Amino acid sequence: MPAANLANPTRFLAFSGRLLPWLWWVTALVLGWGLYLSFYVAPADYQQGEMVRIMFIHVPFAWLAMACYAVMTVAALGTLVWRHPLADVLQKSAAPLGAAFTFLALVTGSLWGKPTWGTYWVWDARLTSVLILFLIYLGLIALWQAVEDPGKAGRAAAILTLVGAINLPIIKFSVDWWNTLHQPASVFRLDGPTIHPALLWPLMVMALGMTLLFATLLLMAMRNEILRRRVRAMQIVAAAG
Amino acid sequence: MIEGGTHLGFIVAAYAVTVAVLVGVVGWIVLDGRSQRRRIADLEARGVRRRSSRNVPS
């Protein structure tokens with residue numbers, strides 16, 4: 001099916017309905033494989049010991065927290081520039097997922113930080129900028145709830161999303177621009193990953209599994225939002241008599 | 001295989017929070033979907049149709 005056809009909500013519902021069962025199976029298999037590698041194959045780290053197990057969930061959540069916002073930024077352009085009918089549906093559906101992944105990145109990072117750094121929290125640039133990302137997600141969710149008309153809410157949320165996108169490079173490069181307790185990038189580097197392959201592979205499989213979970217939940221949430229707008233349209237018809 | 005140790009509680013807590021939040025998100029999305037489909041079925045049972053579906057030949 002050409003991608004342009006998916007702009008039609010009815011076609012999107014039919015296509016995503018066929019895709020979702022398969023996506024759930026693939027997600028479960030990849031996440032199961034990733035958890036097996038994380039707990040039964042990956043060795044303890046030579047410095048932090050078993051605490052490295054938290055990395056297998058913390059890092060994918062941190063990546064997805066940013067990736068979700070990047071997807072929303074593209075969707076915001078889709079709303080304001082191309083007026084794609086599903087763009088603001090995607091924006092609204094992705095925000096709670098992004099908030100959940102950012103919350104999990106913060107909590108798992110905090111639980112990793114206490115035994116390795118000696119503190120649950122420090123106001124360094126990386127942690128603070130990720131907390132700001134979480135607050136932006138909450139702000140977007142509140143904005144969607146505050147404006148009743150989905151079209152007006154979509155345009156307002158799109159503008160706020162684009163403004164908030166400035167935070168993404170700040171998060172990414174905060175560990176390079178400022179002196180932070182958080183370590184610098186150790187996977188996506190110009191000179192290659194600094195993590196041993198025995199730990200890198202479980203991490204990448206878990207990241208793939210979590211990304212598939214995000215895609216699955218996003219499709220489900222988008223279907224719900226399309227149905228919610230149909231309910232609204234039908235209620236308006238009913239009220240008009 | 002993971003070994004027990006003094007920091008095992010932090011690992012268990014991290015995975016427990018993860019499972020709780022993800023199960024909550026999945027549950028919320030599934031229940032929201034059911035709720036929307038039920039509302040559409042109720043409106044259709046009352047004879048309400050969307051304007052766009054009125055133009056679709058049966």
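Start by selecting A:Arg83. Is this residue buried or exposed? Count the other C-beta atoms within 10 Å of A:Arg83 and you get 12, so A:Arg83 is exposed, since 12 or fewer is the cut-off. You'll find A:Arg83 in the loop between α2 and α3 of chain A. Check its backbone too: phi is near 50°, a positive value in a residue other than glycine. Keep in mind throughout that this is a predicted model.

Now zoom out and colour chain A by secondary structure. What do you see? Chain A has seven helices and zero strands, so reading along the sequence gives α-α-α-α-α-α-α. Its C-alpha atoms fill a box of roughly 70 × 35 × 30 Å along the principal axes. Chain A has 241 residues, and 37% of them count as buried. Take the contacts in this chain between residues at least 6 apart in sequence: 77% of them join residues at least 24 apart.

Next, select helix α3 of chain A, residues 87-117. How many of its 31 residues are buried? The count is 25, so α3(A) is largely enclosed by the rest of the structure. Follow the helix along and stop at A:Ala94, where α3(A) bends by about 30°. A proline, A:Pro96, follows within four residues of that bend. Further along the tour of this helix, pick A:Gly109, which also sits in α3 of chain A. A:Gly109 is buried, with 23 other C-beta atoms within 10 Å. After the helix comes A:Gly118, with a positive phi near 95°.

In soluble globular proteins, nonpolar side chains tend to be buried together. Here, the largest nonpolar core has 59 residues. Which members touch the most others? Select A:Ile54, A:Phe61, A:Ala65, A:Cys68, A:Leu97, A:Phe101 and A:Ala105 to see them. The elements giving two or more residues to this core are α2, α3, α4, α5 and α7 of chain A, together with α1 of chain B. Click on A:Ala105 for a close-up: leaving aside neighbours within four places in sequence, A:Ala105 is in contact with A:His58, A:Phe61, A:Ala62, A:Ala65 and A:Val130.

Time to bring in chain B. This chain has two helices and zero strands, and of its 58 residues, 7% count as buried. Show the contact between the chains: 32 residues come from chain A and 27 from chain B. Helix α1 of chain B, residues 8-45, gives the most to chain B's side, with 18 residues. That side has 15 nonpolar, five polar and seven charged residues.

On the α3(A) side, select residues including A:Phe103, A:Leu104, A:Val107 and A:Leu111; on α1(B), the ones to pick include B:Phe10, B:Ala14, B:Val17 and B:Val21.

Notes
Residues are numbered from 1 along each chain as its sequence is written. Chains are lettered from A and ligands numbered from 1 in the order in which they are written. This is a predicted model: local features need pLDDT of at least 70, side-chain atom pairs count only at pLDDT 80 or more; totals for chains, interfaces and linings use all residues. Two residues are in contact if their C-beta atoms, placed from the backbone, lie within 7 Å. Ala, Val, Leu, Ile, Met, Phe, Trp, Tyr, Cys and Pro count as nonpolar, Asp, Glu, Lys and Arg as charged, and the others, Gly among them, as polar. Axes are lines fitted to C-alpha atoms, for helices over the stretch in contact, and angles run from 0 to 180 degrees between N-to-C directions. A residue is buried if 20 or more other C-beta atoms lie within 10 Å of its own, exposed if 12 or fewer, and partly exposed in between; C-beta atoms are placed from the backbone. The bend at a residue is the angle between axes fitted to the seven residues ending there and the seven starting there. A nonpolar core is a set of buried Ala, Val, Leu, Ile, Met, Phe, Trp, Tyr and Cys residues joined through C-beta atoms within 7 Å.
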